[in-house]
Protein chains: 2
Amino acid sequence: MGASLALAERTRGLTAPNPNVGCVIVADNVVVARGWTQAGGRPHAEAMALEQAGARAAGATAYVTLEPCAHVSSRGPACSDLLVAAGVARVVVSHRDPDPRTNGQGIDRLRAAGIVVDTGVREHDAARVMAGFTTRRSHARPFVTLKLALSLDGAAAMADGRSQWITGAEARAHAHIERARHEAILVGRGTWEADRPQLDVRLPGLEQRSPERVVLSSQSIDGVRTIARPAEIAGLTGDHLLIEGGARTAAAFLAADLVDRLLLYRAPVIVGGGRTLPDIGLTDLMHAHGRWRLTDARALGSDRLEVYERG
Amino acid sequence: MGASLALAERTRGLTAPNPNVGCVIVADNVVVARGWTQAGGRPHAEAMALEQAGARAAGATAYVTLEPCAHVSSRGPACSDLLVAAGVARVVVSHRDPDPRTNGQGIDRLRAAGIVVDTGVREHDAARVMAGFTTRRSHARPFVTLKLALSLDGAAAMADGRSQWITGAEARAHAHIERARHEAILVGRGTWEADRPQLDVRLPGLEQRSPERVVLSSQSIDGVRTIARPAEIAGLTGDHLLIEGGARTAAAFLAADLVDRLLLYRAPVIVGGGRTLPDIGLTDLMHAHGRWRLTDARALGSDRLEVYERG
């Protein structure tokens, strides 16, 4: 299932409105096929893997991160039907499909055909891998990641706004990988006016994965999409939104409780008197606790990355 | 030598003006004695270990974190003479003694007596363990640790000054251990007036290791020592000073380049608009880089501790 989850990660940010799913088929303890939801949402992971496996799928075990779909679409047959037709002996499922067209029916169809089905394997990890899909389903908005590049004392920039460069080359490269996993990227009007940021992915081979640019602004801006309030992210296409600054924009989304994940790049420098996060409406320190849970921490050159998610 | 360094740590903050030293004596691959500089500076580590070893010291190897002293004092004989008299076969030394009364003469005396002497083993670690001693020698002031307890966005308190509790019980207990390793602890006048902090060590068995309290204040305060400017720390007794707040006091010491080590306790909370570090005189971000080096990072409950030292 770990391998299937890693495959599902490959097209995070490219499959909306479909979930990003991974599938590994194992026959006689050997991996015979690997599939993942392709960009645009089709083919599905199981269809890709079954095509790769061919006749070796008969009697094999399939590990899928999401319950195989039970609905036929104009873009392809139902994956549960494909698994039955291929003669798979066992299917291990991580997460149930919340789509009402499937929601248990995929599993039922497999079992009705005599296939052994196990469920709930690393379900929490699968939910995190396809957080964009589940957030859109449950909250009718994209999954929101807030990126902050800060000094040890929490400064995003010097008092006069200078911020190049608080963090180093490795942290910036990592931030570009993160951009490639988001359909949309948002900055505030101040950052847009001051820097006219490209907000594109400047990594060899990933240039075409640059997200759509969005500016938080009450006035429209030529050539770029704008939203007037944080809540309007509901109308954005794609299931993953990356917020890149500045501090006031970050605070606006935090105050609206519209941040699901924090990417905290921290440089080993002290600025003093710099631009820090403004008010987010906190009235008591007690209310701040239990909100964020550390899910990853690593060194990036001389900087550190910490990832926090809703606790 | 690692064991000797750990022994030397035991009385960090208690041996001034003497260095805190550790000594392990090994005979036939068995540790036969362990010594460390006692509170107040005497007995020395070697004297304590040799007494423990007794006759087993003959032909043994001694591992000492600092070159054995060569000067007789009214408080005891020279350790190099004691090692010779005990018939030790080999002495492994980490750091040379910068004291002009020894500075190589201890090693010379051992070698003259036919003892094999190795030097420079984990010298950098030994320098860090007795940083108070070496800082006093080279800069004529105590080694200064600045403690900061911050939110993810760098707030030491809410805008109105409330800061109880940003960090949790584990981080506060660790901060009390740190207090026990310092002869003096300093806060700014604002913190003193607002909180009247005890600044004592509230850990079972360590209550008597509470440091002297010092307040940064241009006016004298009844019952507590004051200094008017950061540079006046040179006149404090003891070789280790801990600065505990508030943000303005921290900034004053950073601006004066009088901080050797940062203890950064960070809670997984976002405050927004809180009290952050004020100006420290930084004119260009480039000047901020290369100043701090991460030397330790660990989890303390749901908080994180990062230790930075001069890079």
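Predicted model: local features only at pLDDT ≥ 70, side-chain atom pairs only at ≥ 80, totals over all residues.

Reader: Good to know. How many salt bridges are there over all chains?

Author: The search of the whole structure turns up 43 salt bridges. One of them links the side chains of A:Arg12 and A:Glu9, at 2.8 Å from N to O.

Reader: Are those two buried or exposed?

Author: A:Arg12 is buried, because its relative accessible area is 11% and the cut-off for buried is under 20%. A:Glu9 has 23% relative accessibility, so this residue counts as partly exposed.

Reader: Why would such side chains pair up in the first place?

Author: Side chains of opposite charge can pair when their charged atoms come close.

Reader: Nice. Is that pair buried or exposed?

Author: Both B:Arg179 and B:Glu244 are buried.

Reader: Switching to helices: how do H3 and H4 of chain B pack?

Author: Helix H3 (residues 79–86) and helix H4 (residues 105–112) of chain B have axes 9 Å apart and pack at an angle of about 15°. Angles under 35 degrees count as roughly parallel, so H3(B) is roughly parallel to H4(B). The crossing of H3(B) past H4(B) is right-handed.

Reader: Which residues make the contact?

Author: From H3(B) there are B:Ser80, B:Asp81, B:Leu83 and B:Val84, and from H4(B) there are B:Gly106, B:Arg109 and B:Leu110. Sorted by class, the contact has three nonpolar, two polar and two charged residues.

Reader: Now the backbone. Where is there a cis peptide bond in chain A?

Author: A cis peptide bond joins A:Gly245 and A:Gly246, with omega about 0°. A:Gly246 belongs to the loop between strand E10 (240–243) and helix H9 (247–255) of chain A.

Reader: What about chain B?

Author: There, a cis peptide bond joins B:Gly245 and B:Gly246, with omega about 0°. B:Gly246 lies in the loop between E10 and H9 of chain B.

Reader: One more thing: what is phi of A:Asp28, and where does that residue lie?

Author: Phi of A:Asp28 is near 50°, which is positive in a residue other than glycine. A:Asp28 is in the loop between strand E1 (22–27) and strand E2 (30–36) of chain A. Its relative accessible area is 75%, so A:Asp28 is exposed.

Reader: And A:Leu199, buried or exposed?

Author: A:Leu199 counts as buried, because its relative accessibility is 3%. Its phi is near 55°, a positive value in a residue other than glycine. You will find A:Leu199 in the loop between helix H8 (189–195) and strand E8 (212–216) of chain A.

Reader: Great, thanks for the tour!

Technical notes:
Residues numbered from 1 in each chain as written. Chains lettered and ligands numbered in written order. Heavy atoms only, no water. Salt bridge = Lys/Arg side-chain N within 4 Å of Asp/Glu carboxyl O. Buried < 20%, exposed > 50% of the residue type's maximum accessible area, 1.4 Å probe, protein only. Axes fitted to C-alpha atoms, helices over the stretch in contact; angles between N-to-C directions. Helix = DSSP H or I, 4+ residues; strand = E, 2+ residues; numbered from the N terminus. Parallel < 35°, antiparallel > 145°, perpendicular 65-115°, else oblique. Left-handed = near helix turned anticlockwise from the far one by under 90°. Contact = heavy atoms within 4.5 Å. Nonpolar A, V, L, I, M, F, W, Y, C, P; charged D, E, K, R; others polar.
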